[in-house]
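Please look through the structure shown below before reading on. The notes after it go from the whole protein to single residues.

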Amino acid sequence: RPGANGHDRTGPAGPPTLRPRMVLIGTPAKNGTTECRYTYAYGQSMLMAGKVGMDLRGLFIPYDSFIQHARNRLLKEMLQQDCDDLIFADADNDWEPEWPFVLLGHPVDCVGGTYPLKQDAEAYELRSISNPVKRCPKTNLLIMDGLGAGFLRLSRKAVQTLWDAAT
């Protein structure tokens, strides 16, 4: 169908016209708020997207204590808005403003950044059965068996596959 991951639309005169890549930053906000560091990073990433001509839009799901419900609503909204990618960004995380573009630059359907767990001992939201952790020969990305979804990019293909399997 026109637009879905193809970045093309048929203009009024008929010839295809390019459209900006449409990316949804989806944020579950259990308490209805975001951290200051999150807010700063989000705003700066939005400014950067405008400078490069990307359609980066945000959607917040406040007051849902079940993170899986909030994420499912974000998946559905991403498909309904005909976005090309979804980036989950939790309201209590922060990032460097260019990091969403780094995630978007990887030619894979699922890629994420890790972050520290909220505990005294240093540990991160990832899991690997391999020791040492292996890297993908094509992308040089780490191959993980599990990764927290607090800063995770899914392509439209990945979201559609998940959606179709669940419905």
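What follows is a short briefing, grouped by topic.

This is a predicted model. The protein has 4 helices and 9 strands, and 35% of its 167 residues are buried.

**Overall layout**
- Read from the N terminus, the elements come in the order β-β-β-α-β-α-β-α-β-β-β-β-α.
- Of the contacts in the protein with a separation of 6 or more, 69% are between residues 24 or more positions apart.

**The sheet**
- Five strands form an open sheet in the order E4-E3-E5-E9-E6, and their pairing is mixed.
- The edges of this sheet are strand E4 (55-62) and strand E6 (110-112); each has a single partner strand, so one side of each has no neighbour in the sheet.
- From one strand to the next, the twist averages 20°.
- Strand E3, made of residues 22-29, pairs with E4 in the parallel sense, over 8 bridges.
- One of the residues in this pairing is Met-22, whose bridge partner in E4 is Asp-55.

**Helices on the sheet**
- Helix H1 (residues 36-52) packs on the sheet, where H1 touches E3, E4 and strand E5 (85-89).
- The direction of H1 makes about 155° with that of E4.
- Helix H2 (residues 67-80) lies across E3, E4, E5 and strand E9 (151-155).
- H2 runs at about 160° to E3.

**A closer look at H1**
- H1 has 17 residues, and the distance from its first C-alpha to its last is 25 Å, close to the 24 Å expected at 1.5 Å a residue.
- Which residues of H1 are buried? They are Tyr-38, Ala-41, Tyr-42, Ser-45, Met-46 and Ala-49.
- The buried residues of H1 pack against E3, E4, E5 and helix H3 (99-105).
- On the face of H1 turned away from the buried side are the exposed residues Cys-36, Tyr-40, Gly-50 and Lys-51.
- Just after H1 comes Gly-53, which has a positive phi of about 80°.

**Cysteines**
- A disulfide is a covalent bond between the sulfur atoms of two cysteines.
- How many disulfides does the structure hold? The number is 0.
- Is Cys-36 buried or exposed? Its relative accessibility is 69%, so Cys-36 counts as exposed, the cut-off for exposed being over 50%.
- Cys-83 has 0% relative accessibility and therefore counts as buried, since buried means under 20%.

- Asp-82 is not a glycine, yet it has a positive phi of about 60°.
- Asp-82 sits in the loop between H2 and E5.
- With a relative accessible area of 12%, Asp-82 is buried.
- Asn-140 is not a glycine either, and its phi is positive at about 70°.
- Where is Asn-140? It is in the loop between strand E7 (126-127) and strand E8 (146-147).
- Asn-140 has 47% relative accessibility, so it counts as partly exposed.

Conventions: Residues numbered from 1 in each chain as written. Predicted model: local features only at pLDDT ≥ 70, side-chain atom pairs only at ≥ 80, totals over all residues. Heavy atoms only, no water. Pairing = 2+ DSSP bridges. Helix = DSSP H or I, 4+ residues; strand = E, 2+ residues; numbered from the N terminus. Axes fitted to C-alpha atoms, helices over the stretch in contact; angles between N-to-C directions. Contact = heavy atoms within 4.5 Å. Expected span 1.5 Å × (residues − 1). Buried < 20%, exposed > 50% of the residue type's maximum accessible area, 1.4 Å probe, protein only. Disulfide = S-S within 2.5 Å.
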